[in-house]
Amino acid sequence: MLNWNNVYKSYWGANRALDSVSLSVGPGEIVGLFGANGAGKTTLLKCALGLLRYTGSVTLDGEPITHRNIARLSFATCEHSFFPALTPAAHREFYKEHFPTFREKRFDALMDFFALPLHRRARGFSTGQKNQLEVTLALSQGADYILMDEPFAGNDVFNREDFYRLLLGLLEPEETIILSTHLLEEVQHFISRAVLLDRGTIAGDVTTGELEERGESLMDFVKSSLHYRGDRVLKTLEGLDDGEEE
Amino acid sequence: MVVVQFGKGVVTLVTFEGLRLEEGMPIYLQIIRYLERGIAAGTVRDGDELPSRRVLSARLGVNPNTIQKAFRALEEAGVITSRAGAKSEVSLTPERAAAIRRRLLEEEAAALVGALRQMGLDREQAAALVLQLWDKQEESP
Amino acid sequence: MKTEFWYPPGFPRAEERFLQRCALALASLAGFIIFLCQFSTILRDLQTALRTGAEGLTMPPLPALTAGCWIGFLVLALGQGVLAAAHYLWHYQGGRSIYRMRTLPQRFELARRCLAAPAAALGWCVLAAVAVAVLCALYYRVFTPAGLLPAHWLLGGALC
């Protein structure tokens, strides 16, 4: 289990990115993490990885996360954590050396699937290819919990759809994915659980099974949890209309 | 459908290739309905194999839990049998297949009847419309 | 151990090593040349003074003539601090590979790759400075005329 326990993070004193968030994610779950920009999704993931200082604790199977168990977490981020000056082949060597659990076959299969050039430096890739390399590395590390922060920014929809399918075929039952994304409609069948963040707190947490039982779409769930004002657009347009002849 | 030859006889794999997911209906129900329609049409027969949960999950782009839900419902209804480590199989007697076929036909027809009634047709008008469209489709399928 | 082990991944280490060696050579050369200039100037002044009848003059002791020789080494040493920072900032280039380094199970990997080369260079810096000092001492001893050699030429009374 990956547990966030009363995690509190503020930047520069005033801005509360996470306000006493507690969340529990178990093996095999595919969790979609949703929320507006600034809601705290990235902060939540970075705290788990120890990339940020925070109050509270994040534990993995009851243990705090240290260099001893950090290999069980992997990270794919739109900021790109790969080494731009290395080729994918060099990355493969690096990962083999540093991660005993490295899944070499999966790495090769994903490189093949994305048709990424093995011997070109990563900095020469297109944005889409960079995202693909980032995701490949996170999935091949051999981690139990794969944290992904907007990994598909800049990839076309066909790419993404194929990728979700591939993932569903590749993942072992005990591998867990936590995916932070804006692409609600796309991922709603792929995920098993949706967690919604709003201004640093959890505004909603539901399994897709429950949503299905209720006949509620993911978008409806998000809108109702965030008290989305659907009439805002019309109200604004009406306001503009009043001041004009035609 | 892929035809695989085993020791005795020919076994067909139900690939779910023709299943297009729609909005509005739970996916697990769509999977069940797809299989039942195949049974009603006679294209899915007793002994046919289903793909593994993981493969079907990847084909449809749908979480494995959903596939599991569909398979479990089908098992409970006795339509398929599952063994550990092997693919699930369709398990039909002619009576059960006929019952499923009857039920699906009734559901489709009931939906049509409901729609026609809602639009204000009476019994004779509905029958006449159905017969007219039937003849039309016979001429140009 | 492959050299890449000691540098940030993908860092142009061959270029860095080349520049380090050049810089060290320059610092050493500069150090010796500064000494040489100071030594030659003073020796010439002394000899001129003697010709005009002054007496009891000697060369200043060695430390006086090596003042300012170490400037190159000092710059090089300070430069290692800058280099370590550059190694660290390399992980912010073209992405955030800093995240990768900070989440490795090998907890000293980042420190090693940032600090190893600068630390080694500091060591070489010290060695080279010592070598230059020895060279200056030898030169001083050999090329100072016997009559002009002061009593405590090496340390100049520093320990008396």
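The following questions and answers go through a predicted model, chain by chain and contact by contact.

Trainee: What radius of gyration does chain A have, and what would a compact globule have?
Mentor: Along its principal axes, the C-alpha trace of chain A spans about 65 × 45 × 40 Å. A compact globule with 246 residues would have a radius of gyration near 18 Å, and the value for chain A agrees with this. For chain A that value is 20 Å.

Trainee: How many helices and strands does chain A have?
Mentor: Among contacts in chain A between residues at least 6 apart in sequence, 69% join residues at least 24 apart. Buried residues make up 39% of the chain. The secondary structure of chain A comes to 9 helices and 10 strands.

Trainee: Which element of chain A gives the largest share of the largest nonpolar core?
Mentor: That core has 60 residues, and those with the most contacts inside it are A:V31, A:A48, A:L147, A:M148 and A:I178. The largest share, 5 residues, comes from helix 4 (residues 127-140) of chain A.

Trainee: Which residues does A:M148 contact, leaving aside its neighbours within four places in sequence?
Mentor: A:M148 is one of the residues with the most contacts inside the largest core. Its partners beyond those neighbours are A:A76, A:V135, A:A138, A:I177, A:I178, A:L179 and A:S180.

Trainee: Why is helix 4 of chain A described as largely enclosed by the rest of the structure?
Mentor: A residue counts as buried if 20 or more other C-beta atoms lie within 10 Å of its own. Among the buried residues of helix 4 of chain A are A:K130, A:E134 and A:L137. They pack against strand 6, helix 2, helix 3 (104-114) and strand 7 (145-149) of chain A. Helix 4 of chain A is largely enclosed because the buried residues number 11 of the 14.

Trainee: What phi does the residue A:G142 have, after helix 4 of chain A?
Mentor: Helix 4 of chain A reaches 20 Å from its first C-alpha to its last, close to the 20 Å expected at 1.5 Å a residue. A:G142 follows this helix, and its phi is positive, near 90°.

Trainee: In the hairpin of strand 9 and strand 10 of chain A, which residue takes a positive phi near 50°?
Mentor: Strand 9 (residues 193-198) and strand 10 (residues 201-207) of chain A pair in the antiparallel sense over 6 bridges. In this pair A:L196 stands opposite A:G204. The hairpin has 2 residues between the strands, and the positive phi belongs to A:R199.

Trainee: How many residues of chain A are in contact with chain B, and how do they divide by class?
Mentor: In this contact 14 residues of chain A meet 12 residues of chain B. Helix 5 (157-170) and helix 7 (208-214) of chain A each supply at least two residues of the chain A side, and the largest share, 6 residues, comes from helix 5. By class, the chain A side divides into 6 nonpolar, 5 polar and 3 charged.

Trainee: What is the make-up by class of the side of chain A that touches chain C?
Mentor: This contact takes 19 residues from chain A and 15 residues from chain C. Strand 6 (73-77) and helix 2 (88-98) of chain A each supply at least two of the chain A residues. The chain A side has 11 nonpolar, 6 polar and 2 charged residues.

Trainee: Is C:W124 buried, partly exposed or exposed?
Mentor: C:W124 lies in helix 5 (residues 109-143) of chain C. Because C:W124 has 13 C-beta neighbours inside 10 Å, it counts as partly exposed.

Terms used: Residues are numbered from 1 along each chain as its sequence is written. Chains are lettered from A and ligands numbered from 1 in the order in which they are written. This is a predicted model: local features need pLDDT of at least 70, side-chain atom pairs count only at pLDDT 80 or more; totals for chains, interfaces and linings use all residues. Two residues are in contact if their C-beta atoms, placed from the backbone, lie within 7 Å. Helices (H or I, at least four residues) and strands (E, at least two) are DSSP runs, numbered from the N terminus. Ala, Val, Leu, Ile, Met, Phe, Trp, Tyr, Cys and Pro count as nonpolar, Asp, Glu, Lys and Arg as charged, and the others, Gly among them, as polar. A residue is buried if 20 or more other C-beta atoms lie within 10 Å of its own, exposed if 12 or fewer, and partly exposed in between; C-beta atoms are placed from the backbone. A nonpolar core is a set of buried Ala, Val, Leu, Ile, Met, Phe, Trp, Tyr and Cys residues joined through C-beta atoms within 7 Å. The radius of gyration is taken over C-alpha atoms; the globule rule is 2.2 Å times the number of residues to the power 0.38. The expected span of a helix is 1.5 Å times one less than its number of residues. Two strands pair if DSSP finds at least two bridges between them.
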